[in-house]
Structures are given as C-alpha cells and as structure tokens.
Amino acid sequence: MPTESQLRNALLRLRVRKRINAGRLPVMVPTRIDAGYGSGHVCVACDQPITSTQVEYELADYRDGSQLCFHLGCHVVWQVECSRLEARRSAPDVPPDSENLSKRCWRHSPPYG
Ligand SMILES: [Zn+2]
C-alpha cells in the first residue's frame with residue numbers, strides 16, 4: 001500500500017508534468033534560486049499559497065524572466081521532472097526508468113515525502 005505522502009507526491013508529479021507539457025512550467029535547471037519563508041505567493045506547481053511558516057523557492061523563468069514561486073517540496077518534484085525530461089532529450093535511447101537515470105535524479109534532490 002502506498003502511503004498518503006507517496007500518493008500526494010504522485011499526484012503532484014502528475015500535475016507538474018502536465019504543466020510542463022502545457023508550457024506553464026519551463027524545463028530548466030535554475031542557476032539562481034532565492035529561498036526564504038513564504039510571503040503569500042501562490043505556488044506555480046500546486047496552486048496553494050506559500051505561507052510564512054513554509055519555505056519558498058523563487059526563481060526566474062528563463063523564457064521571459066517571470067517570477068516562479070514554489071514550495072520547497074514542489075520545487076524538488078519539478079526539478080526531478082526537469083532532469084527526467086532533459087535526460088530523455090539528450091539520450092533518447094535510454095529508457096526513462098533506467099537505473100542510471102534514477103541515480104541521476106536523486107543525486108541532487110532527496111526523495112520527497
Ligand atoms: Zn506547492
């Protein structure tokens with residue numbers, strides 16, 4: 001049985017993936033991230049406000065410089081999806097669930113949830 005947090009994480013990944021496909025989220029590895037406590041911005045991944053007790057990650061969309069705000073956990077999910085897509089793009093012959101790729105994904109981002 002998956003735990004509740006695993007289910008939530010799976011739903012969030014699905015949502016993030018859809019937003020990437022729809023162009024609402026870029027595929028990028030941010031070079032500069034501002035982190036701090038939330039100031040009421042709405043998270044671009046889950047549409048929930050980031051409260052002052054939660055950590056907010058803020059970065060600029062490389063496409064138009066617009067501000068993207070994420071919960072810490074949502075940012076991790078988005079980056080996992082980005083590295084998965086980037087790996088697929090640069091090495092189309094490697095299956096997405098290969099051992100190498102999952103190692104690469106988790107090296108920068110600890111498992112969420
Ligand atoms: Zn969020």
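Good morning. E58 is in turn bridged to C69 in β3. A further pair links A35 with Y57 of β2.

The model is a predicted one, in which local features require pLDDT of at least 70 and side-chain atom pairs count only at pLDDT 80 or more, while totals for chains, interfaces and linings use all residues. Residue numbers start from 1 along each chain, as its sequence is written. Helices (H or I, at least four residues) and strands (E, at least two) are DSSP runs, numbered from the N terminus.

With that settled, the overall plan. The protein contains 3 helices and 3 strands, and along the sequence they follow the pattern α-β-β-β-α-α.

The sheet comes next. Its 3 strands lie in the order β1-β2-β3, forming an open sheet with antiparallel pairing; two strands are taken to pair if DSSP finds at least two bridges between them. β1 (34–37) and β3 (67–71) are at the edges and have a single partner strand each, so one side of each is left without a neighbour in the sheet. From one strand to the next, the twist averages 25 degrees.

How many bridges hold each pair? Between β1 and β2 (residues 55–60) there are 4 bridges, and β2 is joined to β3 by 5 bridges. The hairpin of β2 and β3 has 6 residues between the strands, and G65 in it adopts a positive phi near 75 degrees.

I turn now to helix α2. This helix, residues 72–90, lies across β2 and β3 and runs at about 110 degrees to β3.

Which residues of α2 are buried? They are G73, C74, H75, V76, V77, W78, V80, E81, C82 and R84. A residue counts as buried if 20 or more other C-beta atoms lie within 10 Å of its own, exposed if 12 or fewer, and partly exposed in between, with C-beta atoms placed from the backbone. V77 is buried because 24 other C-beta atoms lie within 10 Å. The C-alpha atoms of V77 and V16 are 7.5 Å apart, although 61 residues separate the two along the chain.

Finally, the core. The largest nonpolar core has 17 residues, of which C43, V44, A45, F70, C74, V77 and W78 touch the most other members. (Such a core is a set of buried Ala, Val, Leu, Ile, Met, Phe, Trp, Tyr and Cys residues joined through C-beta atoms within 7 Å.) α1 (4–21), β3 and α2 each give two or more residues to this core, and α2 gives the most, with 6 residues. Beyond its neighbours within four places in sequence, C74 is in contact with L12, C43, A45 and C46; contact here means that C-beta atoms, placed from the backbone, lie within 7 Å. Thank you.

Definitions and conventions. Axes are lines fitted to C-alpha atoms, for helices over the stretch in contact, and angles run from 0 to 180 degrees between N-to-C directions. Two residues are in contact if their C-beta atoms, placed from the backbone, lie within 7 Å.
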